[in-house]
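Look at the structure first, then read on.

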Amino acid sequence: MSSSKDVIQSSIKKNREYMKDKLGIGISFDVDYRTINVLKKDVDFYFVNGLADTEFVIEILKKVVEINDFEQNQRKLVEIVQNRLVNHQVEEKATYEEAITQLLSGLLVVFIDGYDQAFIVDVRHYPGRGPEEPDTERVVRGARDGFTENIIENTGLTRRRVRDENLRFELIQVGERSKTDVSVVYIDDIADPSLVQTIKDKIEKVDIDGIAMADKSLEEFLVRQASSPFPLVRYTERPDVAAAHLFEGHVLIMVDTSPSVMITPTTFFHHIQHAEEYRQVPIVGTFVRWVRFLGILSSILLLPLWLLFVLQPEYLPPELSFIGPQEEGNVPIAIQIVLADLGIEFLRIAAIHTPTAVSTAMGLIAAVLIGEIAIEVGLFSPEIILYVAISAIGSYATPSYELSVANKICRIFLVIGTALFGLPGLVIGMTMYILWMVNTVSLNTPYFWPFIPFNPQAMKHILLRISVPLQRTRPSIVHPQNNHRQPDQKTKK
Amino acid sequence: MENHSSIIMKSIITGMFGAFIFGSIFSFTYFLTFTDLSHASFTLRPFIQDSWVDQFWGEIVSLIIIILLGAIPGYLYYATLKKLTGWLPGFVYGLVIWGIVYIGIGLLLPNIPPLNELGSDTIVTSVCLAVLYGVFVGYTISYDYHGERLDRKMSQNNE
């Protein structure tokens, strides 16, 4: 048996045996090696077919073959070969394990007969798509690029927007078998150093075979969710949103093979803002923001409140007495609401699993037939459908998908509580909702900041879309080292 | 750590903002007849009997009054409980405030029915709002006092 500290041997025959044994060369068709005879010694080039860029490898082989024509000094073979590995990223490794890890990530591994180290040349080309606008974060006007599954491209997209020399991308490999690249991203003189250290420590402690679901699996290691449905990190697929958060002092976590980037720390109020508000004039942005707040509020409160008014009409002020179904339905109203809510959930799940061509037809069926026929059959009354639909639209207006699902769960509980206990159920339910969020903590950050604990400055920034020239300081919740966004403000104070 | 006078100012402002927010919500629930009493029942109605007091403008004037009065719970929490962490002290503080206002002051004022005659709706609504006010004020002040950081025990809860 070999240990992980096995050192590369000088004899190339021993290397070949070891690699063949470990990698299954001859069994896997895509891992193989090419031998070139240079100045009477063997040089082996190991590669993985799908990950190495053929043109770069051919270029290197060409240059190495030409050694036979131009050079003669056999004793300096190692230096000569190293000089001719034409690539800007070349490293040397001394152990088999490091070399194999690099090989399986797509890099070229070069063994020279008589030399006990291997050269690693970065000739990677990962298959993947180009930057496209993410589905869930569209804006009407603005940049349309999005992160991709390739972590190198993502760093490029970010660096383009933050050309600061203090921007750091620290790389950590996670997972015994997957060895996924995870990068912690922050701006060195703004972000809170203790937060960066906490995150790095947590990532390094992750002990698992592999993180197949990339960012989501890693998130579960970083912030233990327990039984809370609320999202404790924010995801984004837009480089401009990521850059904006870096400027505020957040720490980002990028995971290879996933276009979603994790933003920490995060609060409830981060999940209800969207890049779109910053693409319009401040007043329009504030208007859009308020409409969105109304949508989110109605996705939680509208149905339970309406149910209360239906079950106990004495709470209705006389001006609003039209609310409430006119006729007795066959099914109790509370059950109708729960059924309608579940129905919308079915539709959503079905829509995700259906291919696009079929989903248009399905949408028509759902909207027209099911609604109409359910009413005619007597299962639902029309008002239920109206309010459930408004609620569902409100929940889709939530910028963060994870939060909209959490709110939906809370809404169902509120509906059940109201149906069982009437007004006390609703009021106590809402109080518990708020207290639960106050109790939630995300990586040393209170979740319901800046409402509870209250911070008037930050609250103003949430209620109004402040124009960029007036944004002088960074939000205090990230504990930035450097509080002023605009350098000349420092001297003016 | 910030100096004490600025934290005292912040506590008072927090108390006043909290009174504004939860006072407005309380007025809204009064409009929806979730509760038979509103803060105006404590501030204006015992003293002035005109008809405007029962409607919209009464609520507004009373709201201004309790915003000013809100400075007191803010300062009191700072003076006594600021060193405690978490939201639970605020929760208890809110209950205490409710007790003082509804039972203590309520007994003195002629137009407030005694506790056993207040409907369960009124009690539940007012207790919940008072508790939220208490958590609002308490958690904010203790968070500010600890330099805007949570202590280790609090932050281990979710990790």
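## Buried serines and surface patches

S260(A) sits in the loop between β9 (251–255) and β10 (261–264) of chain A. The model is predicted. S260(A) has a relative accessible area of 15%, so it counts as buried. Leaving aside neighbours within four places in sequence, S260(A) is in contact with D215(A), Y235(A), T236(A) and E237(A).

Another serine, S217(A), belongs to helix α8 (residues 214–222) of chain A. S217(A) is buried too, because its relative accessible area is 19% and the cut-off for buried is under 20%. S217(A) touches I211(A) and A212(A), residues up to four places away in sequence not being counted.

Now the surface. E97(A), E98(A), E176(A) and D207(A) form a negative patch there. One of them, E176(A), is found in the loop between β6 (167–174) and β7 (180–187) of chain A.

A nonpolar surface patch has about 950 Å² of accessible area together. Its residues include I335(A), L347(A), V368(A) and L379(A). The elements that give two or more residues to this patch are α11 (333–353) and α12 (356–377) of chain A. Which element gives the most to the nonpolar patch? It is α12(A), with 7 residues. V368(A) has its place in helix α12 of chain A.

| Residue | Relative accessible area | Class |
|---|---|---|
| S260(A) | 15% | buried |
| S217(A) | 19% | buried |
| V368(A) | 45% | partly exposed |
| E176(A) | 54% | exposed |

Technical notes
Residues are numbered from 1 along each chain as its sequence is written. Chains are lettered from A and ligands numbered from 1 in the order in which they are written. This is a predicted model: local features need pLDDT of at least 70, side-chain atom pairs count only at pLDDT 80 or more; totals for chains, interfaces and linings use all residues. Side-chain values use heavy atoms; hydrogens and water are left out. Patches are made of residues with over 30% relative accessible area and no salt bridge: like charges are joined within 9 Å, nonpolar side chains (Val, Leu, Ile, Met, Phe, Trp, Tyr) within 5 Å. Accessible areas come from the Shrake-Rupley method with a 1.4 Å probe; for residues, only the protein chains shown count as cover. A salt bridge is a side-chain nitrogen of Lys or Arg within 4 Å of a carboxyl oxygen of Asp or Glu. Lys and Arg count as positive and Asp and Glu as negative; His and the chain ends are not counted. The place of a charge is taken as NZ of Lys, CZ of Arg, CG of Asp or CD of Glu. Helices (H or I, at least four residues) and strands (E, at least two) are DSSP runs, numbered from the N terminus. Buried means under 20% relative accessible area, exposed over 50%, partly exposed in between (1.4 Å probe, protein chains only). Contact means heavy atoms within 4.5 Å.
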